[in-house]
Amino acid sequence: MPFVTTKDGVNIFFKDWGSKDAQPIVFHHGWPLSADDWDAQMLFFLAKGYRVIALDRRGHGRSDQVSEGHDMDHYAADASAVAEHLDLKNAIHVGHSTGGGEVARYVAKYGQPQNRVAKAVLVSSVPPLMVKTPDNPGGTPIEVFDGFRSALAANRTQFYLDVASGPFYGYNRSGAEVSQGIIQNWWRQGMMGSAKAHYEGIKAFSETDQTKDLKAITVPTLVIQGDDDQVVPYQNAALLQDKLLVNSTLKVYPGYPHGMHTSQADVINADILDFISK
């Protein structure tokens with residue numbers, strides 16, 4: 001399997017499909033998943049002639065289950081290690097949820113300074129800041145994230161089933177068409193990773209203020225989110241991202257859930273393709 005070793009000695013797994021001469025699209029997954037969460041996108045964009053790449057965040061999927069570095073700075077540095085190893089240029093970076101935070105930090109700190117990034121796409125993403133603070137009154141109370149940590153530590157296997165079968169895909173909504181395959185695949189990906197990485201990752205995705213990252217991004221950026229996202233409220237995420245970015249396109253989908261890139265992949269794929277092909 002392909003890996004790149006970071007400066008601090010962590011082996012990061014990545015997939016790299018398609019012609020090396022094609023424009024690359026790099027996918028950054030959400031918590032607590034893996035590169036496999038992008039299967040529907042990677043196959044779609046591969047068929048459209050793109051080179052598609054996805055990595056497993058440290059402590060997630062097939063990457064090393066290291067004890068340290070479960071924070072947005074390390075996530076972005078690890079993504080940069082993959083981009084530098086593959087010498088990616090003119091790349092499009094697509095991030096979902098925590099992966100959107102990773103994209104924002106990567107593009108601002110590495111991708112743009114190194115002239116490697118053409119565009120970015122933020123899907124149901126966590127920036128600028130999830131947790132409620134005096135300066136972020138619309139955020140989610142810290143008690144919610146403390147509850148995540150408690151549930152993970154007490155019974156991670158059941159917690160992951162509850163998340164996937166409930167709010168993540170909106171399967172707790174009346175009339176929802178529930179896919180057991182999607183639920184089981186979410187659980188499978190989550191259980192591949194490190195409990196410690198996932199536990200500490202809650203702080204990374206909820207308490208990292210990425211206002212400066214968003215303000216620093218100048219490449220064209222597509223911001224998309226569902227207005228029924230029960231995990232990352234869109235009013236404090238997509239709407240604020242659009243205000244902070246200097247070159248953004250915003251689209252909010254009525255009734256779509258947090259994991260819309262999987263549950264409504266046909267619509268999301270087409271809209272991303274339309275954005276990146278212009």
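Me: Which residues does Ser194 touch, not counting residues up to four places away in sequence?

Reply: Contact here means heavy atoms within 4.5 Å. By that rule, Ser194 touches Gly59, Gln65 and Arg156. Some background: this is a predicted model, where local features need pLDDT of at least 70 and side-chain atom pairs count only at pLDDT 80 or more, while totals for chains, interfaces and linings use all residues. Residues are numbered from 1 along each chain as its sequence is written, and side-chain values use heavy atoms, with hydrogens and water left out.

Me: Where is Ser194 found, and is it buried or exposed?

Reply: Look in the loop between α5 and α6 (195–207). Helices (H or I, at least four residues) and strands (E, at least two) are DSSP runs, numbered from the N terminus. Buried means under 20% relative accessible area, exposed means over 50%, and partly exposed is in between (1.4 Å probe, protein chains only). Ser194 counts as buried because its relative accessibility is 6%.

Me: What about Gly69: where does it lie, and is it buried or exposed?

Reply: Gly69 sits in the loop between β4 and α2. Its relative accessible area is 10%, so Gly69 is buried. Leaving aside neighbours within four places in sequence, Gly69 is in contact with Arg58, His74 and Tyr75. Gly69 and Arg58 are eleven residues apart along the chain, and their C-alpha atoms are separated by 8.0 Å.

Me: How do I read two packed helices, and what is the angle for α4 and α5?

Reply: Two packed helices are described by the angle between their axes and the distance between the axes. Axes are lines fitted to C-alpha atoms, for helices over the stretch in contact, and angles run from 0 to 180 degrees between N-to-C directions. Helix α4 (residues 142–165) and helix α5 (residues 180–192) pack at about 140 degrees, with axes 9 Å apart. Angles under 35 degrees count as roughly parallel, over 145 as roughly antiparallel, 65 to 115 as roughly perpendicular, and the rest as oblique. So α4 and α5 are oblique to each other. On the α4 side, the contact residues include Arg156, Thr157 and Tyr160, and on the α5 side they include Trp186 and Trp187.

Me: And how do α4 and α6 cross?

Reply: Their axes come within 10 Å and cross at roughly 155 degrees. The two helices are therefore roughly antiparallel to each other. Among the residues making the contact are Phe145, Phe148 and Arg156 of α4, with His198, Tyr199 and Phe205 of α6. By class, the contact of α4 with α6 has ten nonpolar, two polar and four charged residues. For those classes, Ala, Val, Leu, Ile, Met, Phe, Trp, Tyr, Cys and Pro count as nonpolar, Asp, Glu, Lys and Arg as charged, and the others, Gly among them, as polar.

Me: How many strands form the sheet, and in what order?

Reply: Two strands pair if DSSP finds at least two bridges between them. Eight strands form an open sheet here, ordered β1-β2-β4-β3-β5-β6-β7-β8, with mixed pairing. At the edges are β1 (3–5) and β8 (248–253), each pairing on one side only. From one strand to the next, the twist averages 20 degrees.

Me: In what sense do β3 and β5 pair, and which helix packs on the sheet touching both?

Reply: Strand β3 (residues 24–28) and strand β5 (residues 91–96) pair in the parallel sense over four bridges. Ile25 has Ile92 of β5 as its bridge partner. Helix α3 (residues 98–111) packs on the sheet and touches β3, β4, β5 and β6 (117–123).
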